[in-house]
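Student: I'd like to learn how to read a protein structure with a ligand in it. Could you walk me through some features, one at a time?

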Amino acid sequence: MEKFDTRAVRSGQVRTAEAEHNDAIFLTSSFVFESARQAAARFAHEEEGNVYSRFTNPTVRTFEERLAALEGARHCLGTSSGMSAVLATCLALLKSGDHIVAAHDLFGSTVSLFSNVLSKFGIETSFVSVTDREAWQQAMRPQTRMLFIESPTNPLGDIADIPWLAELAHANECLLVVDNCLCTPALQLPFEMGADVVIHSATKFIDGQGRCVGGAVLMQDQEIRDQVFAFLRTCGPTMSPFNAWVFLNGLETLSLRMHAHCKGALELARRLEKHPAIARVYYPGLESHPQHALAARQQKAFGAVVAFEVHGGRAEAWSVIDATRMLSITANLGDAKTTITHPASTTHSRITQEQRDLAGIRESLIRVAVGLEDIDDIECDLARGLDALTAVPPVRAVQCR
Ligand SMILES: *Cc1c(COP(=O)(O)O)cnc(C)c1O
């Protein structure tokens with residue numbers, strides 16, 4: 001097989017008779033048959049081919065093949081969002097009475113889906129700390145069918161031991177599902193570590209410029225693929241061809257962008273660690289991070305998300321956010337533009353105080369998703385508020401205006 005960067009640019013493309021260089025967008029809801037006989041054969045699955053874009057679409061197919069080539073997956077199915085990828089995986093593969101064990105610090109809407117939606121249909125979820133092996137073992141029940149994780153977690157960067165969780169899952173006849181949105185296949189390949197299903201929100205780094213919402217489910221097993229496909233085809237949260245085209249172009253630069261995000265994030269984390277206004281920096285690339293060695297084993301680099309606590313509480317954290325002039329105050333991530341957010345009052349505001357305490361989301365915590373601007377300018381923008389919190393500002397290598 002070709003190398004990663006080649007697959008990112010070349011995999012999956014099918015040129016039409018027009019010999020277009022970039023991928024065509026098949027912006028069509030349905031497809032025309034040569035005859036009534038062919039229509040019947042397509043509907044009966046006796047003949048391969050497109051029928052209707054809720055089922056399959058050539059542009060979406062190209063995206064699916066390219067992402068599958070990058071993740072090392074046999075099958076990939078595009079979805080309308082990251083959340084519909086999670087929903088499709090759960091509803092296609094689970095039934096009433098089944099049980100999920102999930103890390104408690106998952107993406108907020110995933111936690112809501114498990115606690116508020118799947119629970120209505122008789123699928124129960126136990127939440128455990130992603131790094132607590134004993135808690136995972138104790139949460140397993142005879143009805144457990146799925147383990148669900150993200151690694152690193154967002155925003156605190158805890159690392160799941162993926163091979164260990166895969167073993168636990170398989171010893172109990174469960175599937176290990178990994179949401180690989182924060183790493184992307186440019187940094188981490190969960191299938192090589194035993195995952196059964198990999199999920200993406202393509203909205204984030206796969207797009208890379210904050211334009212479209214989409215997602216994907218990746219699998220090795222044909223039967224699992226057929227179940228997820230049947231769910232998507234019947235229920236309809238499939239990917240739009242236009243969005244697939246945007247994501248296809250995003251994949252071409254994924255690896256370049258991810259390594260640039262990571263380089264910036266590591267440098268920022270190191271500089272922030274020295275700032276007297278900051279109590280603690282959370283970034284798996286720092287030697288001070290408790291799972292640094294595990295992160296280095298599982299990932300090619302350490303991700304774009306840096307979180308830090310300032311001395312003080314909400315007022316101090318908000319003052320740092322409000323002092324920025326360049327950074328975007330938004331909860332989105334995976335963009336060329338650096339974003340800054342206060343998790344306790346935004347992304348984690350709808351969970352209870354007890355759940356926030358359990359997840360370690362303090363009022364003094366700020367999350368930065370490092371974009372592609374020059375790191376000196378990102379540091380200086382944060383320094384406006386940070387320096388104001390300390391009597392003596394730190395000595396910096398760069399001059400901030
Ligand atoms: C954003 C996100 C999702 C949900 O994706 P949408 O495209 O917004 O539906 C799921 N998991 C993680 C880790 C995310 O960051």
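**Salt bridges, the ligand and a strand residue**

Tutor: Let's begin with a pair of side chains: R225 and D226 meet in a salt bridge, 3.1 Å from N to O. D226 is partly exposed, with a relative accessible area of 36%. Keep in mind that this is a predicted model.

Student: What is the general idea behind such pairs?

Tutor: Side chains of opposite charge can pair when their charged atoms come close. In this structure there are 17 salt bridges. Some of the residues form a network: E267, R271, D376 and E379 are linked by salt bridges.

Student: Which parts does the salt bridge between R66 and E252 tie together?

Tutor: Their side chains meet at 3.5 Å, N to O. R66 sits in helix α3 (residues 58–71) and E252 in helix α9 (residues 241–252), so the pair ties together parts that are 186 residues apart in sequence.

Student: Is R66 buried or exposed?

Tutor: The cut-off for buried is under 20% relative accessible area. R66 has 0% relative accessibility, so it counts as buried. E252, at 29%, counts as partly exposed.

Student: How do I read the surroundings of S126?

Tutor: Start with where the residue lies: S126 is in strand β3, residues 124–128. Its relative accessibility is 15%, so S126 counts as buried. Then look at the contacts: leaving aside neighbours within four places in sequence, S126 touches H99, I100, V101, A102, A139 and R141. With H99 there is a polar contact between the two side chains, at 2.6 Å.

Student: R141 is on that list. Which residue does R141 meet in a salt bridge?

Tutor: That's E124, at 3.4 Å from N to O. R141 lies in the loop between α6 (133–139) and β4 (144–150), while E124 is in strand β3, so the pair ties together parts 17 residues apart in sequence. R141 is partly exposed at 34% relative accessibility, and E124 is partly exposed at 45%.

Student: Now the ligand. Which residues surround the ligand?

Tutor: Among them are S81, F107, E150, D179, T203 and K204. By class, the shell has 4 nonpolar, 5 polar and 3 charged residues.

Student: Which atoms of the ligand lie 2.6 Å from polar side-chain atoms of D179 and T203?

Tutor: For D179 it's a nitrogen atom of the ligand, and for T203 an oxygen atom. An N or O atom in the side chain of K204 is also 2.6 Å from a ligand oxygen. As for cover, the protein hides 91% of the 380 Å² of accessible area that the ligand has on its own.

Technical notes:
Residues are numbered from 1 along each chain as its sequence is written. This is a predicted model: local features need pLDDT of at least 70, side-chain atom pairs count only at pLDDT 80 or more; totals for chains, interfaces and linings use all residues. Side-chain values use heavy atoms; hydrogens and water are left out. A residue is near a molecule or strand if one of its heavy atoms lies within 4 Å of it. A polar contact is a pair of N or O atoms within 3.5 Å; within protein, one must be able to donate a hydrogen and the other to accept it, and residues adjacent in sequence count only if both atoms are side-chain atoms. Accessible areas come from the Shrake-Rupley method with a 1.4 Å probe; for residues, only the protein chains shown count as cover. Ala, Val, Leu, Ile, Met, Phe, Trp, Tyr, Cys and Pro count as nonpolar, Asp, Glu, Lys and Arg as charged, and the others, Gly among them, as polar. Helices (H or I, at least four residues) and strands (E, at least two) are DSSP runs, numbered from the N terminus. Buried means under 20% relative accessible area, exposed over 50%, partly exposed in between (1.4 Å probe, protein chains only). Contact means heavy atoms within 4.5 Å. A salt bridge is a side-chain nitrogen of Lys or Arg within 4 Å of a carboxyl oxygen of Asp or Glu.
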